[in-house]
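Please have the sequence and the model open as you read.

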Amino acid sequence: MKFVYDFAEGNKDLKDLLGGKGANLAEMTNLGLPVPPGFTITTEACQQYLHHGTHVDGLAAQIDEHLAALEEKMGRRLGDPADPLLVSVRSGAKFSMPGMMETVLNVGLNDASVDGLSRQAGGNDRFAWDSYRRLIQMFGKTVCDVPGHEFEQALDDAKTAKGVHDDVQLDADDLRALVAAYKKVFVKHTGHEFPQDPREQLDLATEAVFRSWNADRAVLYRRQERIPTDLGTAVNVVAMVFGNLGADSGTGVAFTRDPATGEQGVYGDYLSNAQGEDVVAGIRNTLPLADLEGLDKKSYDELMQIMATLEGHYRDLCDIEFTIERGKLWMLQTRVGKRTAAAAFTIAAQLVDEGVIDLDEALHRVSGAQLGQLMFPRFDLAGSPSSLTRGVGASPGAAYGHVVFTSQRAVEVAAEGKPVILVRRETNPDDLPGMIAANGILTSRGGKTSHAAVVARGMGKTCVCGADEMVVGRDSFTIGAETVREGDTISIDGTTGRVYLGEVPVRPSEVVQYFEGDLDPANANDPLVAAVHRIITHADSKRRLTVRTNADTGLDAARARRFGAQGIGLCRTEHMFLGDRRELVERLILARNETDRNEALAALQPLQRADFLEIFREMNGLPVTIRLIDPPLHEFLPSLEELAVKVAVAHEQGQRVEHDEQMLAAVRRMHEQNPMLGLRGVRLGLVIPGLFAMQVRAIAEAAVALAAEGGRPRPEIMVPLVGAVQELETVRTEAEKIITSIVGDSGVDILIGTMIEVPRAALTAGQIAEAAEFFSFGTNDLTQMAWGFSRDDVEGAFFWRYLELGIFGISPFESIDADGVGRLVRIAAEEGRAARPGLKLGVCGEHGGDPDSVHFFHEVGLDYVSCSPFRVPIARLEAGRAAVTSEGSDHR
């Protein structure tokens, strides 16, 4: 098997095999761009290594062959004391995982070749010893698990002894001494000397990169980003070029457009006399990329030309890493860049205007998750709050929370239900758990290309970087005379970069205002609003799925309709029995005879009729699916424990509390060990005479009333928790008699269907379809029953462990379990339609607004999805994306 590819042998379409970095290095090589020579060890080699836990047969020989070819190209040998070849060993998975896996620079350097490197650099001893100390530090931490903070402490000690603040102020003698100190740290933690054999360094670094695929932070990041666990990482071995050779050298990261806003221009960071890790680690504050023009116009002009070439070739925003070695520009990496949600929509629309992509492709370039981020509120600055400081707005959003200074504290405080802002000098990959837990991230160092910025943008977290006025300590930070301690509240604006003391109020986003109808995209100055309008309008034109909403009041229905809902897929009637009406429900439950029960139902009916009429008016002309009462009636009663105590105390005091005693007897009579699997749904309607009949009558009367007003009601009655067709037939027979007696010649048509939420219903869907005009999949309960989970208990009890172990990539209550629960949906859809070809199919569980689930429901052939009002735009967008994806598959 071929495990190693020269850059000239690959291309950008081989990401599965070569990883993103290797595939793109190959693509740039083939484009004739200045890429240092090198080769890529494939993801298949990584998979075999991880599977067997040892070396991969045949890999060493292939590395020998490609290393020899690399030495021939460079005219140098790895480890040659007189004229050494040095290489970098870098990870590179199919999907970008910034900072999550390992990199080792300057591999091949040792005690014998450090002087040879100095001679290569024209007698630059400082450069050679700086490169050697970096190798020991990165190799020690990455390959041998030496605590990184000990190397950092040794570096800080060296700077303190010299009386300087930056490592660039250390001279060759200082760095020679630092190498000696680093070697002692290495021996202390490994028990052996730093390896001097260059090939041993290369092999050990390669294996460390393989192992880093399963490092805790990489696993956590993949889980967060839903990246499959079995892909593995490629390893790129690249001839070193040096940005730390002096003032005419440097390193940087560039974007072809602003990754935060999508605006065109010159964006990125540059550091003179530095290696690439210095930029992404944020350990020194960078210069804006535009400043490079004044420092090295030749390299700047060449970089601008290459950036234009790459964006034209990839037809998208490109993220580029480069190094300048004594005035010579080298390209070290390119990839389609991570961007904020706002930039994703803006750039997609720009590229359509430029004729680079069409609107179908623009739909592929955005996602429902990104649209959801744009709908979060922003800070309301009407009160003119004074800002503490200003950094770089690295990832937009408005976030406030309690200040914490470590990743561990962020996780702990967030677990208490408190909002958190993680404050660091700079983040590193080990901070990932805290970054996930935090509402926002604030650093005193770094820019838009630092680790904090890149990871935050990928996660949609608010982030401000490079707030260099801020001096970060162990449990506080200071800005001038102001001290902010752990636990204090701050607010950070990821767009402007401003930091405020206290909690700043928020206002609705412009995107929400657009969906609410408050902003006309034709008159909006905001290009983002125009881009969202354009793309979601195209999604609406392409989608096959109708998007409904889950709404129980006229207010919710009206808002959802403004958001683009095409009906109501779930109206929960139990919400109508709360508040002031709870007393009427108690009367129903305490009824001693048929007369008392009928009186209670008669009192409830006009209230129900008014509720339904209000909703029908708001959804005039659109379908409204009303679920008959579903939960156990005891949920409307007081707690058994509280009521028992209350009655016992009264008896102890010699008091008679007849009402409470009757209520206690009723609660005990209705008490169930597992009420979610007990007397609820259709069972409740069959056991309590008149309950469903009252609701059906109220629905029919409300529909007729709207029709009399000239409206067009389209009610659909949904019977919940059906497991056998006989249950539905019994309810349907009674309902049809009531409907017929009320509707008459009004022209109102009322459909009767059922909710598929019991696994048996899915497996007998062909029978049930004979009595149902529609199915609506209640995927919340279907997931609960298929897995045997209580959704009220399990997420806090053990889901965290299942996610940690990789048993779940994501909670099955959040995104449809396509293999298990999804198969039940597929079976029910196919068998239901086989029995009744015109059967309408929809989904009304929480999955109806989940982007991945929407694609599944499109594939299965449902007619509609239903979700909360706020998620309606997300479902519209994803339904359009699903249709375009399906068309593309059909064409292939």
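Predicted model: local features only at pLDDT ≥ 70, side-chain atom pairs only at ≥ 80, totals over all residues.

Strands here are DSSP runs of at least two residues, numbered from the N terminus.

**The barrel**
- The barrel is closed by 8 strands, in the order E26-E27-E28-E29-E30-E31-E32-E33, and their pairing is parallel.
- On average, neighbouring strands of this sheet are turned by 30° against each other, direction ignored.
- Strand E26 covers residues 546-550 and strand E27 residues 568-572; the two run parallel and are joined by 2 bridges.
- Thr 549 has Ile 568, in E27, as its bridge partner.
- Strands of a sheet pair through backbone hydrogen bonds, in either a parallel or an antiparallel way.

**Arg 548**
- Is Arg 548 buried or exposed? Its relative accessibility is 3%, and buried means under 20%, so Arg 548 counts as buried.
- The side chain of Arg 548 makes a polar contact with the side chain of Glu 716, at 3.2 Å.

**A helix across the strands**
- Helix H27 (residues 691-708) lies across strands E28 (623-627) and E29 (714-719), and H27 runs at about 170° to E29.

**Nonpolar cores**
- The largest nonpolar core has 124 residues, of which Phe 345 and Leu 371 touch the most other members.
- H27 gives the most to this core, with 11 residues.
- Beyond its neighbours within four places in sequence, Phe 345 has contacts that include Val 366, Leu 371, Leu 528, Ile 535 and Leu 877.
- Another core, of 58 residues, lies apart from the largest one; among its members are Val 4, Val 89, Leu 155 and Leu 178.

Notes:
Residues numbered from 1 in each chain as written. Heavy atoms only, no water. Pairing = 2+ DSSP bridges. Helix = DSSP H or I, 4+ residues; strand = E, 2+ residues; numbered from the N terminus. Axes fitted to C-alpha atoms, helices over the stretch in contact; angles between N-to-C directions. Contact = heavy atoms within 4.5 Å. Buried < 20%, exposed > 50% of the residue type's maximum accessible area, 1.4 Å probe, protein only. Polar contact = N/O pair within 3.5 Å; in protein donor to acceptor, adjacent residues only side chain to side chain. Core = buried A, V, L, I, M, F, W, Y, C linked by side-chain atoms within 4.5 Å.
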